[in-house]
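Have the viewer ready and follow along.

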Amino acid sequence: MLFRVDEHLKDTEYFTDVVMLTTQNNSFGPTEISYLENKFTSLAIETHRFKVKNFNDPNPGNVTEEKESELLDFIESSKMVLGVLGYKIFVPIIEKESKAIEGKDDELLLYLSGYSRKSNRQIEAKCIRTNEGFVILKDSMIDEIDSETIPKSIKELRDKCRKNNEIVNGRIKQNYLFNSPSYASAFILGLNTNGRTDWKTKGGTTFKELEENKIVQ
């Protein structure tokens with residue numbers, strides 16, 4: 001394990017933190033480690049919080065049903081420990097989309113709708129306000145033309161999305177988390193904008209009005 005960590009430390013471009021999970025009696029061998037690597041890699045990819053740069057496809061190995069049950073318990077405990085430490089690697093940005101939208105208050109589910117003169121098309125997007133920020137939901141429309149006023153960090157993210165084919169036919173293919181409504185709307189519209197007035201409830205109330213009326217908790 002220390003050898004693998006030392007290998008990663010040579011690449012300081014993206015590798016900055018280490019969390020080492022162990023058992024009390026070192027009971028996991030190569031088969032168990034391979035199984036765990038496969039599961040943890042899959043979980044990290046599914047949550048879309050980080051770009052997984054593991055170029056090897058971990059082999060799930062061949063473990064017994066009894067051993068698999070033990071390993072799954074270990075995974076759940078690991079997720080809890082990592083969460084307590086502040087690492088949300090395996091925590092979904094939102095619940096499953098169908099559950100996330102179903103039953104949400106209108107104040108938490110926000111919409112952005114408007115005509116873009118840059119691309120001559122109607123833009124429609126949705127986001128959910130969570131305790132972490134604003135999550136733009138996948139399949140939201142996006143204006144693919146960048147304005148000169150677009151914030152640098154947002155332009156870099158949009159360029160990255162285009163490069164990775166995460167924008168298809170003018171729609172985003174995964175959820176994106178932002179810490180402010182303005183960054184969320186800038187990402188969608190490709191320009192510097194006021195998200196507090198761009199994002200609205202289904203009834204047309206702006207996020208700014210929700211804040212001012214202390215509806216947003």
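## Packing around Phe178

In this predicted model, leaving aside residues up to four places away in sequence, Phe178 touches Glu132, Gly133, Phe134, Ile136, Ile154, Leu157, Tyr183, Ala184 and Phe187, where contact means heavy atoms within 4.5 Å. Residues are numbered from 1 along each chain as its sequence is written, and local features need pLDDT of at least 70, while side-chain atom pairs count only at pLDDT 80 or more and totals for chains, interfaces and linings use all residues. Side-chain values use heavy atoms, with hydrogens and water left out.

Phe178 is also among the residues with the most contacts inside the largest nonpolar core, which has 24 residues. A nonpolar core is a set of buried (under 20% relative accessible area, 1.4 Å probe, protein chains only) Ala, Val, Leu, Ile, Met, Phe, Trp, Tyr and Cys residues joined through side-chain atoms within 4.5 Å.

The largest share, five residues, comes from α6. A second, separate core of twelve residues includes Phe28, Leu36, Phe40 and Val63.

Turn now to α2 (residues 30-47) and α3 (residues 65-84): their axes, lines fitted to C-alpha atoms over the stretch in contact, come within 11 Å and cross at roughly 45°. Residues making this contact include Leu36 and Phe40 of α2 and Leu71 and Phe74 of α3.

Conventions:
Axes fitted to C-alpha atoms, helices over the stretch in contact; angles between N-to-C directions. Helix = DSSP H or I, 4+ residues; strand = E, 2+ residues; numbered from the N terminus. Buried < 20%, exposed > 50% of the residue type's maximum accessible area, 1.4 Å probe, protein only.
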